[in-house]
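Have a look at the sequence and the fold first.

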Amino acid sequence: MKAILMTAAGDADVLQGCDIAQSDLPSPHHLRVKLAAAGINPLDTKLRAKPAYHPEQLPAVLGCDGAGIVEQTGSLVTRFKVGDAVFFCNGGLGDEPGNYAEYTTLHEEYCAASPANIPLQDAAALPLVCITAWEALIERAHLQAGQTLLIHAAAGGVGHIAVQLAHHLGARIAVTVSDTRKAGLVQALGAEKIINYKQQDFVQETLNWTDGRGADIVFDTVGGDTFLKSLHAARIGGKIVSLLATPLSLADAQLARLRNQSLCFELMLTPQVLKLHDERIRQRKILEQCAALVEKGELGVLVTQRIPLEQARDAHRLIEAGGMTGKIILTMA
């Protein structure tokens, strides 16, 4: 089958198109899926530059997100049959097969039925961002109707899903974006307060929006100074949920303590990295709930680039250039 192999750590040039053999089903509970598309995430470019989890297992196929048609089932599979359309977050870390390929194999419990009302290829853009936004807002921050929420980089992959989930939950939403085009996008998705972080101080704008109180919750998808400044944008007793591991100085930690703020971290890869089977099933159930929202028209994914599999290098370069709106997918046909 055709696949893109990461041959070594490095820049996008280490991604090489190859023909590789299809692997056997690892267990009677596994499926073989003919992939329609693979979602690309900033995570992929980071793992390509510095393989953090399984550097000894190169070459490897990257890509956690995938969607396709079940082509073969193990003898004990009960959840799906040949011909079913599925989407999932699986593999791509170096140990299990990733999705930059024509086929992949994965455990039946990690698959969800693809939303019936969107193209199967577009479903490949959903898994990682949906699970990340859901865990951050619902499981870490316990976001409730009426609460105020600040979302950084709201037009990005995780950000535009987070806006929609928060709107579905009835929260009041402020966002940071970099230009008027992105502002229009997130406003249409349910954002109330638009902050152009290149022209405005997001801390002061958030305080103005909340009558000086600060946001109940800040969702940080940027890290660095944005995370540290967010301590001042969140209210006393508020929560800051971050996707990034930003070092805290003693003064930063003391400020958060003084303000009784909760600092939470979100890494949706934890169940896969630590081989937590039940947690991976929990994440699949998140995908099922998100699929239901998609089918009700309450959640959508913005796919801004559809790039052929063999041009994976170009897709990585686009991600690394920054400023992306929505998601990029690699298409298999």
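Predicted model: local features only at pLDDT ≥ 70, side-chain atom pairs only at ≥ 80, totals over all residues.

Residues are numbered from 1 along each chain as its sequence is written, and side-chain values use heavy atoms, with hydrogens and water left out.

**Overall build**

The protein has eleven helices and 16 strands; these are DSSP runs numbered from the N terminus, with helices being H or I of at least four residues and strands E of at least two. With a radius of gyration of 20 Å, close to the 20 Å that the globule rule gives for 333 residues, the protein is as compact as a globular protein of that length. (That radius is taken over C-alpha atoms, and the rule is 2.2 Å times the number of residues to the power 0.38.) Along the principal axes, the C-alpha atoms fill a box of roughly 60 × 40 × 35 Å. Buried residues make up 53% of the 333, where buried means under 20% relative accessible area, exposed over 50% and partly exposed in between (1.4 Å probe, protein chains only).

**A helix crossing**

Helices α3 (residues 127–140) and α10 (residues 277–295) pack at about 100 degrees, their axes 10 Å apart. The axes are lines fitted to C-alpha atoms over the stretch in contact, and angles run from 0 to 180 degrees between N-to-C directions. So α3 and α10 are roughly perpendicular, the word for angles of 65 to 115 degrees. Residues of α3 in the contact (heavy atoms within 4.5 Å) include Trp134 and Glu135, while the α10 side includes Arg282 and Ile286.

**Loop residues**

Which peptide bond is cis? The one joining Leu58 and Pro59, with omega about 0 degrees. Pro59 is in the loop between α1 (42–49) and β4 (60–61). Most residues other than glycine have a negative phi, and most peptide bonds are trans.

| Residue | Phi | Relative accessible area |
|---|---|---|
| Asn260 | near 55 degrees | 58%, exposed |
| Lys275 | about 60 degrees | 52%, exposed |

Asn260 sits between α8 (250–258) and β14 (262–265), and Lys275 between α9 (270–273) and α10. Tyr197, in the loop between β11 (193–196) and α6 (202–209), is partly exposed at 43%.

Notes
Parallel < 35°, antiparallel > 145°, perpendicular 65-115°, else oblique.
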